[in-house]
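Subject: Structure handover

Hello,

Here is the structure for you to look through. My notes on what was found follow below it.

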Amino acid sequence: MHLTDVCDKVEICSDGISGLQTALDREWSAIILDLRLPGIDGLEICRQLRAKGKYTPILMLTAKSTELDRVLGLEIGADDYLTKPFSVMELVARVKALLRRFDVSTGYSVTKHDEILKFDGLEIIVEERKVIYDGKEIELTAKEFDLLHFFASNPEKAYKRSQLLDQIWGYGHVGYEHTVNSHMNRLRNKIEADPNSMKYIKTIWGVGYKFIAKQLN
């Protein structure tokens, strides 16, 4: 079994500088990054891709298994994480799962990709992955946008942190609920004018979070 069984074309780069340029040159179905690359490491490539608005699914490979390394990868926008040693079959399975999650927009319920979700003071332009808040476009990271899109597509439903972790980051991240918390805090700082009175995403104590804004016609 090879990665070519999953994708029509696979391109390999042996260093971080050429890897970053190749990732930016064209659109890819998925990107696999080794944490330890000469020139620019995998974490920095991931950070730069997300900063430039590249939302291609990213799988991080690393020989390290410490919590800090894993959290760093998730925090800067990696979609999944695979620790060495691993089999080719496991790698292919992870890539397939990543592509499936991306194809269904990480489990979003009924939202169409070309739809614009409108709320009082907030617009989410799905296809362009653009968010307009209070009349101005705001910058969100890939995961912040995914969280907001997921909530807005599933209003009035309370989600546990573990459920959000599974929906947005995918399987294999049990125990990293604090990653959800940090992303939620940053997202709220960008779309909630009053931290004492949440307009869009409410904390449900003992459960998790719920999107409470009413969609406009």
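**A buried glutamate and its partner**

Glu144 is buried, at 1% relative accessibility. Buried means under 20% relative accessible area, exposed means over 50%, and partly exposed is in between (1.4 Å probe, protein chains only). The side chain of Glu144 meets that of Lys190 in a salt bridge, at 2.7 Å from N to O. This pair links distant parts of the chain: Glu144 sits in helix α5 (residues 142-153) and Lys190 in helix α7 (residues 177-191), 46 residues apart. Lys190 is partly exposed, with a relative accessible area of 30%.

Before you read on, two points about the source. This is a predicted model: local features need pLDDT of at least 70, side-chain atom pairs count only at pLDDT 80 or more, and totals for chains, interfaces and linings use all residues. Residues are numbered from 1 along each chain as its sequence is written, and side-chain values use heavy atoms, with hydrogens and water left out.

Helices (H or I, at least four residues) and strands (E, at least two) are DSSP runs, numbered from the N terminus.

**Other salt bridges**

How many salt bridges does the structure hold? There are 12. The term means a side-chain nitrogen of Lys or Arg within 4 Å of a carboxyl oxygen of Asp or Glu.

One of them joins Glu156 to Lys214, with the closest N and O atoms 3.8 Å apart. Glu156 lies in the loop between α5 and β8 (158-160), and Lys214 in the segment after β10 (208-211), so the pair ties together parts that are 58 residues apart in sequence. Glu156 is partly exposed at 39%. Lys214 is exposed at 60%.

Another joins the side chains of Glu90 and Arg94, at 3.9 Å from N to O. Both belong to helix α4 (residues 88-103); they are 4 residues apart, which separates them by about one helical turn. Glu90 is partly exposed at 32% relative accessibility, whereas Arg94 is buried at 13%.

Lys9, Glu11 and Arg26 form a network of salt bridges.

**Cysteines**

The disulfide count is 0. The rule asks for a pair of cysteine sulfur atoms within 2.5 Å. Cys13 is partly exposed, at 26% relative accessibility. Cys46 is buried, at 0%.

**Nonpolar cores**

A nonpolar core is a set of buried Ala, Val, Leu, Ile, Met, Phe, Trp, Tyr and Cys residues joined through side-chain atoms within 4.5 Å. The largest has 30 residues. Which of them touch the most other members? They are Phe119, Leu148, Phe151, Tyr200, Ile201 and Phe211. The elements giving two or more residues to this core are β4 (116-119), β5 (122-125), β6 (130-133), α5, α6 (161-169), α7 and β10. Helix α5 gives the most, with 6 residues.

Take Tyr200 as an example. Not counting residues up to four places away in sequence, its contacts (heavy atoms within 4.5 Å) include Phe119, Leu122, Tyr133, Ile191 and Phe211. A second, separate core has 15 residues, among them Ala23, Leu33, Leu43 and Ile58.

**One side of α6**

In α6, Leu164, Leu165, Ile168 and Trp169 are buried. They cover an arc of only 105° around the axis, which puts them on the same side of α6. The arc is that of the directions from the helix axis to the C-beta atoms. An α-helix has 3.6 residues a turn, so residues three or four places apart point the same way.

Best wishes
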